[in-house]
Amino acid sequence: MIHIHQASKYYNNAIPALVDISFKINKGDFVFITGPSGAGKTTLLRLMFCAERPSSGEIILNGVNISRIKPSAIPALRRSIGVVFQDFKLIDSRTVYENVAFALEITGAGAKTIKKKVWQTLKWVGLLQKKDSLPPCLSGGEQQRVAIARAIVNNPLLLLADEPTGNLDPQLSLDIMRLFKAINARGTTIVVATHNRGMAEQFSDKIICLSRRHSIEPC
Ligand SMILES: Nc1ncnc2c1ncn2[C@@H]1O[C@H](COP(=O)(O)OP(=O)(O)O)[C@@H](O)[C@H]1O
Ligand SMILES: [Mg+2]
């Protein structure tokens, strides 16, 4: 599903973020990317959803070489990818329902479809009773579940999560990781970046370790 071949990324042509990275991710995998702060985890995820381009090397997603994709083709590509961030990135002035619906509105989905899918997804993540709340009125764990609902409402093939439990306490972090496991069990390929090596080991046996030298090292 994802094939990264000898990819490197240097910001401003000077600062190394990734050096000669190669690996494959298969459909249905649950993969963790770990490594110390600054190792390049966020950059690697950003390459996978075309928020950055590699300085060299190839990134093949479902047979498409996205390292050379035209900017006009990026929105369509992103429809098959859901992204979750450490700081949730919810719109605070919109309700839970509206935050999740927004992800479908931008795809041009019809009103009936939107309502059905948002209800189903909020129910599935256990937040239907909070659908009319504004994000600042929710706990951190609930906010992250809204962000996850928004990321999966469009049934993406691939879910990327960057330090999704970085702002949560250990119990809520476990709940969120169990939710990712359940999403993965429905067939979605998941890639989680975390500096928390213990969590990676607890939840998956596919771990990619980035070193301080921005390359893959044996775990
Ligand atoms: N937009 C940017 N401009 C310049 N340097 C960056 C940028 N983003 C990240 N970096 C640098 O690239 C390296 C990898 O960063 P990052 O991918 O954020 O690592 P991680 O997520 O593992 O902490 C770091 O040295 C960081 O300072
Ligand atoms: Mg990061």
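Student: In this predicted model, which residues of α3 are buried?

Tutor: The buried residues of α3 are V96, Y97, N99, V100, A101, A103 and L104. To count as buried, a residue needs 20 or more other C-beta atoms within 10 Å of its own.

Student: What makes V100 stand out in the largest nonpolar core?

Tutor: That core has 58 residues, and V100, A149 and V191 are the ones touching the most other members.

Student: Which residues is V191 in contact with, leaving aside neighbours within four places in sequence?

Tutor: They are I25, V31, I33, L45, M48 and L160. Contact here requires C-beta atoms within 7 Å.

Student: How do you know that the span of α6 is close to the expected one?

Tutor: Helix α6 (residues 170–185) has 16 residues, and at 1.5 Å a residue 22 Å is expected. From first C-alpha to last, α6 reaches 23 Å, which is close to that value.

Student: Which residues of α6 are buried, and why are they said to be on the same side?

Tutor: The buried ones are I176, M177, L179, F180 and I183. They cover an arc of only 155° around the axis, so they lie on the same side of α6. These buried residues pack against α5, β7 (158–162), β8 (189–193) and α7 (197–203).

Student: What does the face turned away from the buried side of α6 carry?

Tutor: The exposed residues P170, Q171, R178, A182 and A185 are found there.

Note on methods: Residues are numbered from 1 along each chain as its sequence is written. Chains are lettered from A and ligands numbered from 1 in the order in which they are written. This is a predicted model: local features need pLDDT of at least 70, side-chain atom pairs count only at pLDDT 80 or more; totals for chains, interfaces and linings use all residues. A nonpolar core is a set of buried Ala, Val, Leu, Ile, Met, Phe, Trp, Tyr and Cys residues joined through C-beta atoms within 7 Å. A residue is buried if 20 or more other C-beta atoms lie within 10 Å of its own, exposed if 12 or fewer, and partly exposed in between; C-beta atoms are placed from the backbone. Two residues are in contact if their C-beta atoms, placed from the backbone, lie within 7 Å. Helices (H or I, at least four residues) and strands (E, at least two) are DSSP runs, numbered from the N terminus. The expected span of a helix is 1.5 Å times one less than its number of residues. The arc is that of the directions from the helix axis to the C-beta atoms.
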